Amino acid sequence: MKATPVIHHARTLLGIVFVFAALSLRAQAPGDSTFSISPGDVTEATIDTSGRTRLHLTLTPEKRAELSAFTGRNLNKQVKIVVGGKLRSEPFIRERIADPSMEIFVSSAEDALATVKALLTSTVTFDQLHKWTDSTGRTHYSEKPPPLSSDRSPAAGPVAEDRNKNSFQELQGSWGVIKATMNGKESRDASLLDGTWTFRGNELVLQSPQKGKVRFTLKMDSKANPKAFHLTSAEPANEGSGWMLFSREGDRLKIALYDNLEGRPESFEPRGPRAEPELIVVTLAPKK
């Protein structure tokens, strides 16, 4: 017999596999046995690609109170969870949920990103969202910048900063792209091939005729294999953050990153042709 899914405490997983459609903005009716998540109900979304892709949603205070009341009046009852205007789950309520977050399984990183775009762009565009990656590789999206206490990159004092700069010695200078691949297939994207990568100390400036200039500050992960560094955008400030792998072979420098800096790559090895997010690998040579 198939077991009935159960809603647990917010730290426990609520399994919902879904494909997003237009979301209903109708408020939850008292006594209703259906709980819906709509645009404007979420303040932050976090994509976790370690293992099976999951999506963590932080609810607004109003939606949190609604969830608490909903689960409270439906104790020991089976309810319906609607996400994206469609029925996604029919769990049995065992306890009241009062925490501000829900963790949702999604079918892929692509589905997770589509969900983020649907839920967090009711008042801003996707490009205006703040984006950062924490030390565990999870990617956060929010209308507000990350808190100062965020673990998006390691804290460092003056001595650590000096060590960090020294660790980037083999990257210093300006580099041009001689080859680029996406999921192992050679790319003809001009914004990649025409780009210039300039490392100065612990900063990276990326510039291309198509996309202009972006400046990042860098933190080295000294224990990583392959070598890796974390980027945080400095100009413009809301460009996002993430991880890159690098390997120096003679006068060639190889960089691996996920498209849109989604998560942290594990290697330079090509992924499947339809894998999401796409793995971009660029080979650089010194600019003359």
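**Close-up views of a predicted model**

View 1. A polar atom of the Asp41 side chain lies 2.6 Å from the backbone nitrogen of Ser38. The side chain of Asp41 also makes a polar contact with the side chain of Lys63, at 3.4 Å; a polar contact is a pair of N or O atoms within 3.5 Å, where, within protein, one must be able to donate a hydrogen and the other to accept it, and residues adjacent in sequence count only if both atoms are side-chain atoms. Asp41 is buried, with a relative accessible area of 13%, where buried means under 20%, exposed over 50% and partly exposed in between, with a 1.4 Å probe and protein chains only. Leaving aside residues up to four places away in sequence, Asp41 touches Ser36, Thr58, Leu59, Thr60 and Lys63, a contact being heavy atoms within 4.5 Å. The model is predicted, so local features need pLDDT of at least 70 and side-chain atom pairs count only at pLDDT 80 or more, while totals for chains, interfaces and linings use all residues. Residues are numbered from 1 along each chain as its sequence is written, and side-chain values use heavy atoms, with hydrogens and water left out.

**View 2. The whole protein chain, with four helices and 19 strands.** Helices (H or I, at least four residues) and strands (E, at least two) are DSSP runs, numbered from the N terminus. Of the 288 residues of the chain, 45% count as buried. Among the contacts with a separation of 6 or more, 54% are accounted for by residues 24 or more positions apart.

View 3. Ser108 and Thr53 are 55 residues apart in sequence, yet their C-alpha atoms are 5.8 Å apart in space. The buried residues of H2 are Ala109, Asp111, Ala112, Leu113, Thr115, Val116, Leu119 and Leu120, and they pack against strands S2 (34–37), S3 (42–48), S4 (54–59) and S10 (139–142).

**View 4. The largest nonpolar core, with 26 residues.** A nonpolar core is a set of buried Ala, Val, Leu, Ile, Met, Phe, Trp, Tyr and Cys residues joined through side-chain atoms within 4.5 Å. The residues with the most contacts inside this core are Trp197, Phe199, Phe229, Ile255 and Val282. The strands that each supply at least two of its residues include S11 (173–182), S13 (196–200) and S19 (279–286). Not counting residues up to four places away in sequence, the contacts of Trp197 include Trp175, Leu206, Met244, Ile255 and Val282. A second, separate core of 24 residues includes Val42, Ala45, Ile93 and Met102.

**View 5. Strand S16 between its partners S15 and S17.** Six of the eight residues of S16 are buried, so this strand is largely enclosed by the rest of the structure. Seven bridges join S15 to S16, which run antiparallel, and strands are taken to pair if DSSP finds at least two bridges between them. A hairpin joins S15 to S16 through six residues, and Lys219 stands opposite His230 in S16. Five bridges join S16 to S17, which run antiparallel, and here Phe229 stands opposite Met244 in S17.
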